[in-house]
2 protein chains.
Amino acid sequence: MTTKILLDESRLPDRWYNVVPDLPAPPPPPLHPGTREPLGPDDLAPLFPADLIEQEVTAERFVEIPEEVREVYRLWRPTPLIRAHRLERALGTPARIYVKYEGGSPSGSHKPNTAVPQAFYNARQGVRRLTTETGAGQWGSALSFACAQFDLDCEVWMVRASYDQKPYRRSMMELFGARVHASPSPLTASGAKVLADDPDSPGSLGIAISEAVESAAPDDTRYALGSVLNHVLMHQTVIGEEALEQLAMVDEAPDLIVGCTGGGSNFAGLSFPFLREKLRGRMNPEIRAVEPEACPSFTRGRYAYDFGDTAGLTPLLKMHTLGHDFVPDPIHAGGLRYHGMAPLLSHIYDLGLFGAEAKPQRECFEAGVLFARTEGIVPAPEPTHALAAAVEEARRCVETGEPKVILTALCGHGHLDMAAYDRFLAGRMEDQALPQSRLDEALTTLP
Amino acid sequence: MTTKILLDESRLPDRWYNVVPDLPAPPPPPLHPGTREPLGPDDLAPLFPADLIEQEVTAERFVEIPEEVREVYRLWRPTPLIRAHRLERALGTPARIYVKYEGGSPSGSHKPNTAVPQAFYNARQGVRRLTTETGAGQWGSALSFACAQFDLDCEVWMVRASYDQKPYRRSMMELFGARVHASPSPLTASGAKVLADDPDSPGSLGIAISEAVESAAPDDTRYALGSVLNHVLMHQTVIGEEALEQLAMVDEAPDLIVGCTGGGSNFAGLSFPFLREKLRGRMNPEIRAVEPEACPSFTRGRYAYDFGDTAGLTPLLKMHTLGHDFVPDPIHAGGLRYHGMAPLLSHIYDLGLFGAEAKPQRECFEAGVLFARTEGIVPAPEPTHALAAAVEEARRCVETGEPKVILTALCGHGHLDMAAYDRFLAGRMEDQALPQSRLDEALTTLP
């Protein structure tokens with residue numbers, strides 16, 4: 001009875017998968033916020049190195065993973081695919097549940113899968129310093145680690161509220177060698193402006209993005225983003241490529257694939273390789289994104305051009321959005337609190353190639369507790385959304401008797417999220433579905 | 001270039017190794033504190049189930065691991081053996097450094113290796129509830145998880161100071177389903193007595209042991225201990241057995257084995273199988289225990305009969321001890337703050353079969369930071385002691401040009417110890433070598 005399906009290092013993927021050429025229609029381009037014309041590579045050059053801009057728009061189906069990147073990947077990849085026997089037994093289900101676990105990475109989530117190549121391509125182009133923003137700190141700690149591998153300086157603007165409330169994520173970034181600033185900071189014009197108006201500002205992701213982008217102005221400095229963009233989603237496909245091979249090793253094909261979505265990179269990374277096989281007619285899984293009821297961009301957002309940040313500094317992206325100045329309730333799954341959705345995923349959803357559902361917070365934590373007690377891994381709050389959907393489907397199989405094969409990605413551990421579990425176990429957690437009136441109001445701000 | 005040497009689940013060890021019959025002399029027996037006569041199995045029956053008492057004194061070289069235990073082990077075992085290429089490169093050393101990583105377990109350390117069989121044997125004997133004490137919380141969270149696997153209630157007395165300062169370890173225990181009490185508690189006579197004298201007592205491991213032992217009185221309840229005893233050390237030998245096989249897979253034999261020692265179970269688990277091979281003349285590694293300068297039981301303690309707890313309730317154990325009411329400085333490696341050393345390890349050390357050294361705290365954290373930045377794993381403060389010794393030896397190899405093979409166990413991750421790294425990175429950490437006068441005074445209390 002196999003519990004962990006392990007891939008040998010020799011079978012670490014040697015290329016990323018780009019789903020774009022396999023789609024029945026191309027995704028709508030990002031637009032320049034001034035001219036509303038499609039954006040060209042030159043528009044992005046001040047922010048990103050040439051290799052990443054090329055990957056953002058490539059028509060190639062596969063992009064080779066540089067050996068320098070694979071060498072770092074090998075510290076934690078290939079990651080295990082776990083057959084959740086004990087969870088199945090606790091549910092009494094005939095379903096077979098497989099979990100691709102990304103929590104063994106240096107920062108404890110899937111984020112290093114893209115942080116490492118981003119740091120590598122920047123270093124190869126002679127960049128000396130990367131700037132970024134971070135909310136709860138997962139992305140910031142991944143980029144900090146990646147920069148340490150390629151001798152890059154790393155500077156992170158961390159939303160003030162998180163900086164004060166989650167000191168250990170900041171410690172981890174510093175441990176990996178990064179400089180971390182609470183945002184708003186007096187170090188940038190945009191930060192100083194906010195502080196002048198409100199010295200006690202708790203900050204926001206939008207402000208932190210502005211500060212990181214502004215600080216990327218020097219020639220030797222670039223900016224890095226941890227989700228949403230095409231190249232980020234592509235880097236994450238190592239998750240799905242490995243899972244595809246691992247399921248084949250035990251002669252399984254998934255009936256249902258569920259993943260949690262914030263910006264969408266984890267879900268895309270898991271599902272794109274399976275979507276490719278589905279489009280080729282080699283398997284026919286149902287694919288489903290799971291998002292929080294407090295931030296339901298797929299299920300209740302509008303598919304429209306909108307800004308990626310609150311301040312309206314980024315290009316216009318066509319995506320499922322709740323409006324760029326929508327501020328979700330402070331649920332514990334900080335990584336899922338983004339007003340928009342990756343444009344590429346939004347396009348594929350619009351094509352009807354996968355489904356989506358929204359889950360309330362407490363159902364997710366209930367699944368997280370069940371998973372921890374049965375399988376011995378404490379999940380981060382984000383992937384508990386997908387676990388809740390997997391548990392729900394497995395319970396349905398108890399009724400129908402169907403031995404469905406369910407696949408999900410456990411994109412990170414919850415060791416630094418114990419305060420949230422504390423709150424749940426003490427009965428002090430609330431569900432926070434988004435009221436329609438608030439959504440209607442937020443959508444009026446669409447450009 | 002292999003980075004992670006993985007063992008397939010089919011090669012999970014099926015027996016534990018008992019080093020006692022292979023030793024040139026038997027270890028001195030524990031004594032009854034009243035009669036000073038050797039302890040018999042009946043004396044232990046109120047505290048431990050028959051299987052564990054049998055294992056405590058067995059003369060068999062190998063003890064079969066029950067399939068029910070192996071099934072739980074498979075959630076995280078076999079654990080990876082990591083070749084630390086990037087650390088070696090950072091040091092510029094010709095040494096080859098191998099790290100056996102136990103941090104992927106449910107509680108994040110090696111402790112579940114013994115918690116799971118202890119819970120299993122208790123459940124098989126009809127026990128319904130286990131009690132234990134915990135200091136920083138590693139052992140308590142391991143036993144909480146183990147009890148959840150065999151439907152046992154678990155009740156943990158956690159030292160009040162840790163209970164207040166490390167709320168997330170408590171949360172993890174509760175997440176796994178345990179009841180956690182701050183110790184001293186009003187629930188036991190011994191706790192109530194302490195509280196009567198000092199309502200604000202911060203507690204101690206000694207008091208917590210008294211409370212857990214007292215609470216194990218009902219017929220359906222037993223007590224569990226996370227280190228020190230023979231059966232605990234034996235359960236941990238899965239670490240060394242796997243490492244032995246993994247090194248053989250890459251045709252290596254260790255020149256130096258270093259492990260950190262608190263009660264000694266992690267070091268024993270790693271080293272005993274290699275000690276067996278050494279005694280048989282099959283390899284000749286130097287084996288070395290590494291302890292904190294603040295709590296140097298091997299290097300500066302006395303080898304004498306002493307109590308295992310502060311209050312003097314336990315049997316008398318012959319061990320390297322700093323005196324049973326010695327209270328080490330509050331270093332961050334909480335798991336190494338024990339006044340004594342496992343009697344079996346003390347005996348083997350006395351036989352001259354391995355060496356020991358003491359390390360100051362800052363050198364250990366420096367090694368921990370270097371390891372995190374190069375290898376992408378944040379070590380718990382305890383194993384940084386062994387890492388510091390490995391790094392020192394690897395630096396010596398830079399001088400001598402020797403391509404030594406160094407093996408160590410990274411017995412846990414430091415995700416819940418970020419406050420300690422914070423302190424170190426901010427330059428606010430101090431070395432705390434034990435003054436001779438304090439040691440002399442502590443040793444006057446030996447019975």
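**Exercise 1. Contacts and overall form of chain A**

Find what share of the contacts in chain A, between residues at least 6 apart in sequence, join residues at least 24 apart. Then decide how the radius of gyration of chain A relates to the globule rule.

Solution. 
- Step 1. The model is a predicted one. Among the contacts of chain A between residues at least 6 apart in sequence, 76% join residues at least 24 apart.
- Step 2. The secondary structure of chain A consists of 19 helices and 15 strands.
- Step 3. For 447 residues the globule rule gives 22 Å, and the radius of gyration of chain A is 21 Å, close to that value, so chain A is as compact as a globular protein of that length.
- Step 4. Taken along the principal axes, the box filled by the C-alpha atoms of chain A is roughly 60 × 50 × 40 Å.
- Step 5. A residue counts as buried under 20% relative accessible area. In chain A, 63% of the 447 residues count as buried.

**Exercise 2. The interface of chain B and chain A**

State how many residues of chain B are in contact with chain A, and about how much area the two chains bury between them.

Solution. 
- Step 1. On the chain B side 43 residues are in contact, and they meet 43 residues of chain A.
- Step 2. The area buried between chain B and chain A is about 3,900 Å², with 57% of it on carbon and sulfur atoms.
- Step 3. Of the area that chain B buries against chain A, 18% is supplied by B:Arg86, B:Leu175 and B:Arg373, more than by any other three residues.

**Exercise 3. Polar and charged pairs across the interface**

Count the salt bridges that the rule finds between chain B and chain A, and work out which helix of chain B gives the largest share of the side that touches chain A.

Solution. 
- Step 1. The rule finds 8 salt bridges across this interface. In a salt bridge, the side chain of B:Arg86 meets that of A:Glu71, at 3.1 Å from N to O.
- Step 2. Several helices of chain B each supply at least two residues of the side that touches chain A, among them helix 3 (67-73), helix 4 (85-91) and helix 16 (361-375).
- Step 3. Helix 8 of chain B gives the largest share of that side, 6 residues.
- Step 4. Sorted by class, the side of chain B that touches chain A holds 22 nonpolar, 9 polar and 12 charged residues.

**Exercise 4. Cis peptide bonds**

Locate A:Pro184 and B:Pro78, and describe the peptide bond that joins A:Ser183 to A:Pro184 and the one that joins B:Arg77 to B:Pro78.

Solution. 
- Step 1. A:Ser183 and A:Pro184 are joined by a cis peptide bond, with omega about 10 degrees. A:Pro184 sits in the loop between strand 8 (179-183) and helix 9 (189-197) of chain A.
- Step 2. The bond between B:Arg77 and B:Pro78 is a cis peptide bond, with omega about -15 degrees. In chain B, the loop between helix 3 and strand 4 (81-83) holds B:Pro78.

**Exercise 5. Positive phi values**

Is A:Arg36 buried or partly exposed? Is B:Asp151 buried or exposed?

Solution. 
- Step 1. A:Arg36 is a residue other than glycine with a positive phi, near 60 degrees. A:Arg36 belongs to the loop between strand 2 (15-17) and helix 1 (41-44) of chain A.
- Step 2. The relative accessible area of A:Arg36 is 43%, so A:Arg36 is partly exposed.
- Step 3. B:Asp151, also a residue other than glycine, has a positive phi near 55 degrees. B:Asp151 lies in the loop between helix 6 and strand 7 (153-159) of chain B.
- Step 4. With a relative accessible area of 68%, B:Asp151 is exposed.

Key
Residues are numbered from 1 along each chain as its sequence is written. Chains are lettered from A and ligands numbered from 1 in the order in which they are written. This is a predicted model: local features need pLDDT of at least 70, side-chain atom pairs count only at pLDDT 80 or more; totals for chains, interfaces and linings use all residues. Side-chain values use heavy atoms; hydrogens and water are left out. Contact means heavy atoms within 4.5 Å. Buried area is the accessible area (1.4 Å probe) that two parts lose on being put together, summed over both. A salt bridge is a side-chain nitrogen of Lys or Arg within 4 Å of a carboxyl oxygen of Asp or Glu. Helices (H or I, at least four residues) and strands (E, at least two) are DSSP runs, numbered from the N terminus. Ala, Val, Leu, Ile, Met, Phe, Trp, Tyr, Cys and Pro count as nonpolar, Asp, Glu, Lys and Arg as charged, and the others, Gly among them, as polar. The radius of gyration is taken over C-alpha atoms; the globule rule is 2.2 Å times the number of residues to the power 0.38. Buried means under 20% relative accessible area, exposed over 50%, partly exposed in between (1.4 Å probe, protein chains only).
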